[in-house]
Amino acid sequence: RTRALRCWCMSYAFHRAGLNVARPVLMVEKRFGPIRLNAYFMNELIPGDELLLALPTMSIIEQRAVMLAVHNAFKNMRDALISHGDMKASNLIWSNGKLFFIDLDAAVKHRSRVTWRKSHAKDRKRFLKNWAAHPELLDLFNEVSQ
């Protein structure tokens with residue numbers, strides 16, 4: 001599969017799991033028989049801010065709303081056995097009080113809880129690493145993302 005096709009498929013998997021994603025608009029693969037040449041994926045623009053930049057400037061009330069959204073997202077990912085694969089805070093957009101996932105080319109829909117747990121541990125570790133310079137935010141998320 002191309003990265004474009006993975007993004008396309010995982011956009012729908014995330015949506016079915018109750019996770020917000022930018023709506024997929026276009027996926028094109030140029031092939032010569034079984035050989036993949038080029039692939040393109042486009043999704044709608046989400047007006048909002050990357051969580052990495054937005055969260056430190058938010059009020060405590062807004063930060064709590066983000067914390068709850070992250071908690072619910074991790075729960076939905078657990079229930080659907082989905083891992084993101086690149087949980088940098090720059091791949092999360094906060095828009096109109098909702099958390100959106102972008103950059104889904106490393107995301108996986110797991111077939112077993114065993115493989116999901118390993119990937120979830122990596123997602124969790126990567127997500128918490130975002131807040132190493134902000135101990136108050138790290139504390140906010142540390143228990144939530146378990």
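**View 1. What lines the largest pocket, sorted by residue class.** The lining of the largest pocket splits into 8 nonpolar, 2 polar and 3 charged residues (Ala, Val, Leu, Ile, Met, Phe, Trp, Tyr, Cys and Pro count as nonpolar, Asp, Glu, Lys and Arg as charged, and the others, Gly among them, as polar). This is a predicted model, where local features need pLDDT of at least 70 and side-chain atom pairs count only at pLDDT 80 or more, while totals for chains, interfaces and linings use all residues. Residues are numbered from 1 along each chain as its sequence is written, and side-chain values use heavy atoms, with hydrogens and water left out. Of the 13 lining residues, Cys7, Phe41, Asn43, Asp103 and Leu104 lie nearest the pocket's centre. Here a pocket is an open set of points on a 1 Å grid over the protein atoms alone, where a 1.4 Å probe fits, with protein on both sides within 12 Å along at least five of seven lines; lining residues have an atom within 4 Å of a point. Helix H1 (3–16) gives the most, with 4 residues, and strand S3 (35–43) supplies at least two. Helices (H or I, at least four residues) and strands (E, at least two) are DSSP runs, numbered from the N terminus.

View 2. Strand S2 (residues 24–32) pairs with S3 in the antiparallel sense over 8 bridges; strands pair if DSSP finds at least two bridges between them. Look for Glu29, which stands opposite Ala39 in S3. Between the two strands sit 2 residues, and Gly33 in the turn has a positive phi of about 65°.

View 3. Four strands line up in the order S1-S7-S6-S4, with mixed pairing. S1 (20–21) and S4 (49–50) stand at the edges with a single partner strand each, so one side of each has no neighbour in the sheet. S4 runs antiparallel to S6 (residues 92–95), joined by 2 bridges, and Asp49 has Trp94 as its bridge partner. Helix H3 (residues 60–80) packs on the sheet, touching S6 and S7 (98–101); contact means heavy atoms within 4.5 Å. The direction of H3 makes about 45° with that of S7; axes are lines fitted to C-alpha atoms, for helices over the stretch in contact, and angles run from 0 to 180 degrees between N-to-C directions.

**View 4. Helix H4 against helix H5.** H4 (residues 113–129) and H5 (residues 135–142) pack at about 155°, with axes 9 Å apart. That makes the two roughly antiparallel (angles over 145 degrees). Arg124, Phe127 and Leu128 in H4 meet Leu138, Phe141 and Asn142 in H5.

Key
Angles under 35 degrees count as roughly parallel, over 145 as roughly antiparallel, 65 to 115 as roughly perpendicular and the rest as oblique.
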